[in-house]
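Please keep the sequence and the coordinates in view while reading.

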Amino acid sequence: MRSEEQSEAALATAIADIGAGQALVLPDNLTVKELADLVRVSPVDVIKELIKNGIMATINQVIDFDTAAIVASDLGYEVREATGGTEEVAEEEPQTREQVRSYLAEVDGAPLQDRSPVVTVMGHVDHGKTSILDSIRSANVTAAEAGGITQHIGAYQVDLDGRTITFIDTPGHEAFTTMRARGAMATDVAILVVAADDGVMPQTREALSHARAAGVPIVVAVNKMDLEDANPDRVKQQLSELGLIPEEWGGDTPFVPVSAKTADGIKDLLENIAVQAEVLELKANPDRPAVGVVLEAELDTMRGPKATLLVQTGTLRTGDSAIVGDTWGRIRAMFDQNGQRVDSARPSVPVAVLGVNEVPNAGDIVSVVQSEREARAHAEARQRVNELEADKAQRPVSLDTLFGEMSSGKVKELNIIVRTDVQGTMEAVKQALEGLSNDEVKVKIIHAATGNVSESDVMLATASNGIVVGFNAKVEGGAKRQADVTGVEIRTYRVIYELIEDVEKAMTGMLEPIYADVVEGHAEVRQVFKARRGSIAGCLVMDGTINRTSLCRVTRGGEVLHQSRIESLRRFKDDVREVTAGLECGISVDGFNDFAEGDAIEAYRSERQR
């Protein structure tokens, strides 16, 4: 997984052209068919070229880079090795937000111009995020338009005394983090909305954790100031305890009292965002080919795939050919925030576009190239590189791999998301874990809250290359499925010392493996036979399979009488390896002779979980 602060925009320039006579990127190993796909000839033609060079190969045979390079060269391609190319690109890729901005602006050395800040609004449900966005929109259109304005895309721009601010209207901080997990750097400033009557709530803490993990400056909008029980000082106190210190208290976080209902303070909020933008010195080069990011996408049943893009640098124009993630297309039409057709979009401008061949994913990078042929070639090459590197993809950090990655210098911080049953336990777990930091690795709690482990926790761990720890907390089904897909490690504990010991052992490379029992089958004892060396249970296999090498448990009335292994397994007089459901067999169990009719024998194997 790529670092949360890297940009896929650099990769767009690194994927090789695959037209004849252009550089062709080849991996260390690939099959004959894969090589044929890359050079756009039939596998038979590749096999013929191999035979010419004295190599006999089948369509699925794996060949090395040197062999593949000979064939590709004979077919007119200039070749370079994927591993060397990607290492060279990785050294040049931007590592920080400032480097990303510099890359987007200066990639071709052209002069820079100021660009608008891109803002995401986050916060607890019902604290007024949507109301603030509506109030901002209404304050920036004429009275005639205010009642009937329609937001056609998930982003829009507002004007403030000649300056423009772009707002991304995301469904929540999960979507914000999903984009960041894909390497997209779409946001410059985050607005954290907190209701003055409610104060800090669980989702407020989550939103704050997501914004901090993204490394963006935060402006706090203290909403609902029109209510009688509004208490902005309490909000400041609560957030200061979480590390957001108000400017008037000597900190660096602007706190702006607003009322979405009356629009009071909205202009102050916009001005504070503008100040943040000035400090960031946001620049872009509008004269280069456009690079941007997909904010959202859908399949329009009438017009085909439609994507909302945010242009980050360059100028996007109707008719441009572009790579969009793993797909490509030619921009047939563009629409602004009000659904009006436009011909071009400059940096920080959101537009909805038609013309992409397939529906892309949120967070996909958009790069304009010279022609449709080039766009198709880049997209196909990117697909091949992604497929070839899928098995090599870096897994998220886990306690099992922590020591090895510490030793290789890959891990400097262990990011942990904590979920506990009660607030007091949460504080104790946080303090205990943070106290484990040493010279090699810092243990960092990027989010802690009470309640069940949720999908949002897993997404935050994905984006931050962290793990999720639950203490007396359940794991929601959606979170488990998301963790299985992303490879995020979720660990649950009931004893705090076990949690601390596991992290300590992981940091010293002494973490012991965990095994789990996997049931293979069940047999019921129908008759007992006496033999010279003990008793043999005549059984009927009820389900699954009984294997001669299985471990087993003998139970009676649900109570375990004995646990060991199967000593012998017979069908009639013959020793057999396994017996399947519905068949009779004779079973003897190591160290157990007291069988009775009706006993159950459960066969299982022990599998290492980590």
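**Charge pairs, cores and surface**

Both E206 and R419 are buried. In this predicted model, the two residues form a salt bridge whose closest N and O atoms are 2.8 Å apart. Because E206 belongs to helix α10 (residues 202–214) and R419 to strand β22 (residues 413–420), the pair ties together parts that are 213 residues apart in sequence. Side chains of opposite charge can pair when their charged atoms come close.

Across the whole structure, a search finds 19 salt bridges. Another of these joins R605 to E520, with 3.6 Å between the closest N and O atoms. R605 is located in strand β33 (residues 600–608) and E520 in strand β26 (residues 515–531), so this contact connects parts 85 residues apart in sequence. R605 counts as partly exposed, at 35% relative accessibility, whereas E520, at 19%, counts as buried, the limit for burial being under 20%. A local case is provided by D484 and K480, whose side chains meet in a salt bridge at 3.0 Å, N to O. Both lie in helix α17 (residues 477–486), four residues apart, about one turn of the helix. K480 is partly exposed, with a relative accessibility of 44%.

The largest nonpolar core has 23 residues, of which I132, I136, F167, I191, L269, L270 and I273 touch the most other members. Two or more residues each come from β6 (118–123), α7 (129–139), β7 (155–160), β8 (163–168), β9 (189–195), β10 and α12 (266–280). The greatest contribution is that of α12, with five residues. A further core, of 22 residues, lies apart from this one and includes I445, A448, I467 and F471.

T308 is part of strand β14 (residues 304–313) and counts as buried at 5% relative accessibility. G470, in strand β24 (residues 467–471), has a relative accessible area of 0% and is buried. Between G470 and L499, 29 residues apart in sequence, the C-alpha separation is 9.5 Å.

Finally, on the surface, D126, D198, E228 and D229 gather in a patch of negative charge. E228 occupies the loop between β10 (218–223) and α11 (232–241), and is exposed, with a relative accessible area of 85%.

Technical notes: Residues are numbered from 1 along each chain as its sequence is written. This is a predicted model: local features need pLDDT of at least 70, side-chain atom pairs count only at pLDDT 80 or more; totals for chains, interfaces and linings use all residues. Side-chain values use heavy atoms; hydrogens and water are left out. Patches are made of residues with over 30% relative accessible area and no salt bridge: like charges are joined within 9 Å, nonpolar side chains (Val, Leu, Ile, Met, Phe, Trp, Tyr) within 5 Å. Accessible areas come from the Shrake-Rupley method with a 1.4 Å probe; for residues, only the protein chains shown count as cover. A salt bridge is a side-chain nitrogen of Lys or Arg within 4 Å of a carboxyl oxygen of Asp or Glu. Lys and Arg count as positive and Asp and Glu as negative; His and the chain ends are not counted. The place of a charge is taken as NZ of Lys, CZ of Arg, CG of Asp or CD of Glu. Buried means under 20% relative accessible area, exposed over 50%, partly exposed in between (1.4 Å probe, protein chains only). A nonpolar core is a set of buried Ala, Val, Leu, Ile, Met, Phe, Trp, Tyr and Cys residues joined through side-chain atoms within 4.5 Å.
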